[in-house]
Structures are given as structure tokens and as C-alpha cells.
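Here is my note on the model, point by point. Please read it with the structure open.

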Amino acid sequence: RRVHGGFGYRPSMAKFVVLKVITIAARVLIVVFAALCLACGLFYLAELAEERLSTTKRIIRTAIWVEFLIHFVLFVFAPLSYTATLFGVLTHLCYWNLLRTFPATPILSVEFVSSFCAMIINQYLWMQAFWPHLEYSLFDILAFMVAVVWLVPFGLFISLTANDSVLPTFGVTQTDSQEQPSRKPKNLVVALFSRFMDRRENILPSVQKTY
């Protein structure tokens with residue numbers, strides 16, 4: 001093959017570089033669009049859970065019972081890891097304990113901290129259980145983790161409420177916070193989105209249009 005331009009690049013190499021750059025840019029755009037869609041969906045589910053708290057609580061309670069049944073089936077018929085299965089049952093018992101004060105659960109409470117730590121340990125144990133089994137694809141492992149490990153924590157995350165005192169106050173002084181009337185605790189996800197929007201308005205104030 002002849003070398004063009006005197007820079008040592010072959011036509012096949014130049015084509016490879018161009019296609020590689022386009023592929024990387026497309027992947028970045030896909031990740032950005034997926035993150036935006038996930039954020040919009042998360043905000044919508046949080047709003048829906050905030051409006052229908054009793055229905056959300058029943059759904060989470062039913063999901064925990066389903067998880068107990070799944071862990072029983074795994075323990076009897078498909079013992080991938082007895083340790084992970086038994087600890088998974090213990091983890092969902094911690095989630096069940098959170099329903100006593102649902103949806104208002106202090107972040108620094110014993111119930112919340114124990115459930116969060118149990119969730120991290122449970123995920124680690126299941127990943128350790130799948131590590132020797134190379135016959136399972138990444139998609140199979142992710143599907144299992146969503147159905148067995150992440151389903152109930154996700155439901156609790158989008159439905160738990162928090163007071164404004166536990167959320168970061170961007171640019172709000174103590175005097176201003178004292179002057180504001182006490183408000184009803186709102187959904188944790190919705191409150192975080194609201195704080196983010198307030199922060200964005202402080203940095204990039206909206207421009208009023210005149211007609």
C-alpha cells in the first residue's frame with residue numbers, strides 16, 4: 001500500500017481513527033441521554049410515590065414477600081450461595097423494619113443505617129457468589145441483581161421522605177431558614193431535585209422575556 005500525505009498514515013489507519021472517534025462520541029451521547037432519561041423517570045416515580053403513599057407501601061411490602069419466596073426457592077432448589085441467600089433474607093427483614101415508620105425515616109436512625117449497611121454487604125456477597133461461575137453472562141448477573149438485590153431498595157429510595165433539615169442548603173442562611181414556615185417533609189428524591197433546581201437558579205438566573 002502507498003503512503004499518502006507524507007505523514008505515514010495509511011488509508012486504512014485513517015479510516016480506523018475516524019470511525020473510532022465517531023464511535024466514542026456516539027457512546028458518550030448515549031450515556032448522557034440514558035442518564036437524562038433515568039433522571040426523568042426517577043423524578044416521575046418519586047412524584048407518583050409521594051402522591052400515593054399507601055399504595056406504594058403495599059407494593060413494597062408485597063415485593064418483600066416475593067423476595068422471601070425467591071430466596072426460599074434459591075435456598076432449596078438453586079443453592080448458588082447459602083451465605084448470600086441467608087443474608088439476603090436478613091437484609092429484607094431490615095427493609096421490612098423500615099416500613100414501620102414509612103415514609104418518614106431519619107437518615108441517621110438505626111433502622112436506616114442497618115438497612116444501608118446490610119444492602120452493601122448483601123450486594124458484595126452475591127457478587128462473590130457469581131465470581132466463580134463464569135458461565136453466566138453480564139446481562140444474566142445484572143438481571144439477577146435487579147430482581148433479587150436492588151428491587152426493594154430502589155422502591156424504598158424513591159418513596160422515603162426527608163425533612164429539609166437533613167438536606168444541603170445551598171446559599172440559605174440560618175436566619176432565612178428560621179423565617180421560612182415549617183413545611184411538610186417531602187419525598188427524598190423530589191427534595192434533592194428541588195435543591196438542585198434552586199442551586200441552578202442561583203448560579204444561572206432565569207432571563208425574563210419581554211413581549
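1. Helices (H or I, at least four residues) and strands (E, at least two) are taken as DSSP runs, numbered from the N terminus. The protein has 7 helices and 2 strands. Along the sequence the pattern reads α-α-α-α-α-β-α-β-α.

2. A word on the basis. This is a predicted model: local features need pLDDT of at least 70, side-chain atom pairs count only at pLDDT 80 or more, and totals for chains, interfaces and linings use all residues. Residues are numbered from 1 along each chain as its sequence is written, and side-chain values use heavy atoms, with hydrogens and water left out.

3. Overall figures. Of the 211 residues, 25% count as buried. Buried means under 20% relative accessible area, exposed over 50%, and partly exposed in between (1.4 Å probe, protein chains only). Contact means heavy atoms within 4.5 Å. Among contacts with a separation of 6 or more, 73% come from residues 24 or more positions apart.

4. Helix 3 against helix 5. Helix 3 covers residues 82–98 and helix 5 covers residues 138–157. They pack at an angle of about 15°, with their axes 11 Å apart. Axes are lines fitted to C-alpha atoms, for helices over the stretch in contact, and angles run from 0 to 180 degrees between N-to-C directions. Helix 3 and helix 5 are therefore roughly parallel. The classes are: under 35 degrees roughly parallel, over 145 roughly antiparallel, 65 to 115 roughly perpendicular, the rest oblique. Helix 3 passes helix 5 in a left-handed crossing. A crossing is left-handed if the near helix is turned anticlockwise from the far one by less than a right angle, and right-handed if clockwise.

5. Which residues in helix 3 meet helix 5? They are His92, Tyr95 and Leu98. On the helix 5 side sit Val148, Val152, Pro153 and Leu156. The residues of this contact divide into 6 nonpolar, 1 polar and no charged. Here Ala, Val, Leu, Ile, Met, Phe, Trp, Tyr, Cys and Pro count as nonpolar, Asp, Glu, Lys and Arg as charged, and the others, Gly among them, as polar.

6. Helix 4 against helix 5. The angle is about 165°, and the axes are 11 Å apart. That makes helix 4 roughly antiparallel to helix 5. The crossing of helix 4 past helix 5 is right-handed. From helix 4, Met119, Asn122, Gln123, Trp126, Met127 and Phe130 take part. Their partners in helix 5 are Ile141, Phe144, Met145, Val148, Val149, Trp150 and Pro153. This contact has 11 nonpolar residues, 2 polar and no charged.

7. Look at threonine 91. It lies in helix 3. Threonine 91 is buried, with a relative accessible area of 0%. Leaving aside neighbours within four places in sequence, threonine 91 contacts Ala118, Met119 and Asn122.

8. How many salt bridges does a search of the whole structure find? It finds 1. A salt bridge is a side-chain nitrogen of Lys or Arg within 4 Å of a carboxyl oxygen of Asp or Glu. Glutamate 111 pairs with arginine 100, the closest N and O atoms being 3.3 Å apart. Glutamate 111 is in helix 4 (residues 110–130), and arginine 100 is in the loop between helix 3 and helix 4, 11 residues apart. Glutamate 111 is partly exposed at 25% relative accessible area, whereas arginine 100 is exposed at 61%.

9. Lysine 57 is partly exposed, with a relative accessible area of 23%. Leaving aside neighbours within four places in sequence, lysine 57 contacts Leu99 and Phe102. The C-alpha atoms of lysine 57 and proline 103 are separated by 8.1 Å, at 46 residues apart along the chain.
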